[in-house]
Amino acid sequence: MREMQDIVRGWSELRTREQEVVLATVVAASGSTYRRPGARLLLSAERWIAGGISGGCLERDVLGKAWWRTREGPLVVTYDSTSADDEETWTFGLGCNGRVDVLLERLPATGEAHPLDFIARCLETRRPGVIATVFRGGPDGSVGRRLLLDADGVRSDLPPGPLRDAVHAAAAAVAREAKTRAERIEGAAGVHEVLLEVIQPPRSLVIFGTGQDAVPLVRLAAALGFHLTVVSNTSGGAPAELFQEANVRLTASPRAIREKLRLEPDSAVVIMTHNLGHDRGYLQFALESECAYVGILGPRARTERLLSELAEGGFQPTPARRAALYSPVGLHLGAEQPEEIALSILAEVEARFRGADAQSLRLRPGPIHPRLP
């Protein structure tokens, strides 16, 4: 999440200075690779601006050659250590046994199908979208052309015809599935390979509580690119200037919170006010919503007490909502310091939203990521 935000910010700053940039995008990968399709690198004529397409082994080659490679338009460069000899592997610095296809393109200042403007809009409006990029195909000049799909409709620099219609249909299917993939799509000039990339807005994290232990949680979540809301329970806490990374800061009691905040289904909530009464009210608010993750700081017995008190007051969460409750919050890392606890909490949040089991990778058989077709 944070990388995409840095790329958009870097692009905005360079455009105000009317500097030309090159965007490198991983459009396909196979075998063992550090980055997956959709990873991006933004660079100016002088330097690396933001992002990355590998662990550092491909960036030097892109930085040194992207400008002359894109003189006549966008093109795809393939880095393949599976078939390269020792000299090529050393030249590219490939450290993994895999193949990576990278689309290189100069970015115009404006354009209907400009990818970074579209990504910026998705991040700002907090609405998802799909970028469909043609990266390989027939002799029709379609490489680098795109179709952009979001709630406002479709924008594309692909000419009207069978290819555009097929790309539109594929983008709509990917939007429903919310999973990036590449497809081979038939057009009038033959088969084209298209990256269908889902752009998700930053995930929302709502933190109830402004004690000193909330400060490292806010800072680490901000570094990861979360959209942060910090709610004060009106009972003091750490100074407000320690939460400058938060996108939204609210002061609201449990009774008033419903008037000021709505929890979305893809939100994560962490309750840490260190006040039983406030925790109880915020817990009910979170469990009445559809947010996917509700973590509460403190021992399991304390949470069971809060749930019992809520039941006495007439509120009983459904089994599905109980399943969304994480107590004690966080992964078992042996954490003691506030910074360590923040790490364990955010690691659990990431695992929950990515559908991962948070198991040590050395215990997992096979590849880290599912193999891409």
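This note goes through the fold, the nonpolar cores and the aromatic pairs of the structure above.

1. The structure is a predicted model, in which local features need pLDDT of at least 70 and side-chain atom pairs count only at pLDDT 80 or more, while totals for chains, interfaces and linings use all residues. Residues are numbered from 1 along each chain as its sequence is written, and side-chain values use heavy atoms, with hydrogens and water left out.

2. The protein chain holds 11 helices and 16 strands, where helices (H or I, at least four residues) and strands (E, at least two) are DSSP runs numbered from the N terminus. Of its 373 residues, 47% count as buried, a word that stands for under 20% relative accessible area, with exposed meaning over 50% and partly exposed in between (1.4 Å probe, protein chains only). The chain exposes about 18,600 Å², and carbon and sulfur atoms supply 50% of that area, as computed by the Shrake-Rupley method with a 1.4 Å probe.

3. Contact here means heavy atoms within 4.5 Å. Among the contacts in the protein chain with a separation of 6 or more, 60% are between residues 24 or more positions apart.

4. Helix α6 (residues 214-224) has as its buried residues A214, V215, P216, L217, V218, A221 and A222. These buried residues pack against α1 (2-16), β11, β12 (227-232), β14 (268-271) and α11 (338-354). Just after α6, G225 takes a positive phi of about 95°.

5. Which residues touch the most other members of the largest nonpolar core? They are L205, I207, L217 and L228, in a core of 25 residues; such a core is a set of buried Ala, Val, Leu, Ile, Met, Phe, Trp, Tyr and Cys residues joined through side-chain atoms within 4.5 Å. At least two residues of this core come from each of β11, α6, β12, β14 and α11, and α6 gives the largest share, 6 residues. Leaving aside neighbours within four places in sequence, L217 is in contact with I207, V270, M272, A342, I345 and L346. A second, separate core of 23 residues includes F208, L263, L283 and L307.

6. How many aromatic pairs are there? The count comes to 3, under the rule that rings of Phe, Tyr and Trp (its six-membered ring) pair if their centres lie within 6.5 Å, with planes under 30 degrees apart counted as stacked, over 60 as edge-to-face and the rest as tilted. The rings of F208 and Y282 have centres 4.4 Å apart and planes at 25°, and therefore the pair is stacked. Because F208 lies in strand β11 (residues 204-208) and Y282 in helix α8 (residues 276-288), this pair ties together parts that are 74 residues apart in sequence. F208 is buried, with a relative accessible area of 0%, and Y282 is buried with a relative accessible area of 0%.

7. The rings of F208 and F285 have centres 6.3 Å apart and planes at 85°, so this pair is edge-to-face. With F208 in strand β11 and F285 in helix α8, the pair ties together parts that are 77 residues apart in sequence. F208 and F285 are both buried, and ring pairs link F208, Y282 and F285 into a cluster.

8. Residue S232, found in strand β12, counts as buried at 13% relative accessibility. Not counting residues up to four places away in sequence, S232 touches T210, L250, T251, A252 and Y282.
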